[in-house]
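Subject: Structure handover and notes

Hello,

Here is the structure we talked about, with the sequence alongside. My notes on what turned up follow below it.

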Amino acid sequence: MAELNTNDGGGKKGSGKVRSKKQNSKVDLTAMVDLAFLLITFFMLTTTLSKPQAMDLGLPDKEEDKTKEKDIKVDQRRTMTIILGDDNKIEWFHGLLEAPEAGGKPTQTTHGREGIRKEILKRVESVPQVTGNKDKGLIVIIKPTKESTYRNLVDILDEMAICSVPTYAIVNDFSPEEKALADKLNKK
């Protein structure tokens, strides 16, 4: 049993006066300890722990046979390619690099509201108007270079979510022209 003793000394020894002995008071703490453990247990069981935030990514199936690869043709009017370089640099172009769309020449920009987000939002609005079909939205191809950081990739994926881009893909294949552009981006 848990108890709290309070000793009430009684007086000085040898003072000559006779005092009556006082009973030591005892407080039983068993009920308070039980209550504390009940409360701790209750709050531990009813608390929800914070869940880590994760973004869903659709990854391709693992194929054993590489001969089944075939090129997918995409309307270049709907395509925007973003190349991620070192030092938070971004190079983007609309259409194909070999035959860019109007105003689609490679342009260097930065992350954030006044950088790549502004360009993506413009393209998200203009692509359905150009194609004439509101169901055919922007397709963004994200190409990180070996010099880019994981944070750059996460930042650009956040931009896709912020701008409500319907279709985007992370691709690590570079055409020779894109490779030259990426090398130029990383050397600056």
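I begin with Asp-86, which sits in the loop between β3 and β4. Please keep in mind throughout that this is a predicted model.

Asp-86 is buried but has no salt bridge. Setting aside residues up to four places away in sequence, Asp-86 touches Glu-147, Ser-148, Leu-185 and Asn-186.

Asp-87, in the loop between β3 (79-84) and β4 (90-94), has a positive phi near 55° without being a glycine. Asp-87 is exposed, at a relative accessible area of 62%. Asn-88 lies in the loop between β3 and β4 too, and its phi is also positive, about 60°, although Asn-88 is not a glycine. With a relative accessibility of 43%, Asn-88 counts as partly exposed. The hairpin of β3 and β4 has five residues between its strands.

The sheet

Five strands form an open sheet in the order β5-β4-β3-β6-β7, and the pairing is mixed. Its edge strands are β5 (107-109) and β7 (167-170), each of which pairs on one side only. From one strand to the next the twist averages 25°.

The pairings I looked at are these:

- β3 and β4 are antiparallel, over five bridges; Thr-81 stands opposite Phe-93 in β4.
- β4 and β5 run antiparallel and are joined by three bridges; Trp-92 has Thr-107 in β5 as its bridge partner.
- β6 and β7 run parallel, with four bridges between them; Ile-142 stands opposite Ile-170 in β7.

What covers β4? Five of its five residues are buried. In a regular strand, side chains alternate between the two faces of the sheet. For β4, Ile-90, Trp-92 and His-94 are on one side, Glu-91 and Phe-93 are on the other, and all are buried, so both faces count as covered under the 20% cut-off for relative accessible area. Helix α4 (residues 176-187) lies across β3, β4, β5 and β6, and runs at about 40° to β3.

The nonpolar cores

Which residues of the largest nonpolar core touch the most other members? Of its 17 residues, they are Ile-82, Ile-116, Ile-120, Val-140, Ile-142, Ile-156 and Met-160. At least two residues of this core come from each of β3, β4, α2 (116-131), β6 (139-144) and α3 (150-162). The largest share, four residues, is supplied by α3.

Val-140 has contacts, leaving out neighbours within four places in sequence, with Met-80, Ile-82, Met-160, Val-165, Thr-167, Tyr-168 and Ala-169. Another core, of six residues, lies apart from the largest one and includes Ile-83, Phe-93, Leu-97 and Ala-182.

Regards

Note on methods: Residues are numbered from 1 along each chain as its sequence is written. This is a predicted model: local features need pLDDT of at least 70, side-chain atom pairs count only at pLDDT 80 or more; totals for chains, interfaces and linings use all residues. Side-chain values use heavy atoms; hydrogens and water are left out. Buried means under 20% relative accessible area, exposed over 50%, partly exposed in between (1.4 Å probe, protein chains only). Lys and Arg count as positive and Asp and Glu as negative; His and the chain ends are not counted. A salt bridge is a side-chain nitrogen of Lys or Arg within 4 Å of a carboxyl oxygen of Asp or Glu. Contact means heavy atoms within 4.5 Å. A nonpolar core is a set of buried Ala, Val, Leu, Ile, Met, Phe, Trp, Tyr and Cys residues joined through side-chain atoms within 4.5 Å. Two strands pair if DSSP finds at least two bridges between them. Axes are lines fitted to C-alpha atoms, for helices over the stretch in contact, and angles run from 0 to 180 degrees between N-to-C directions.
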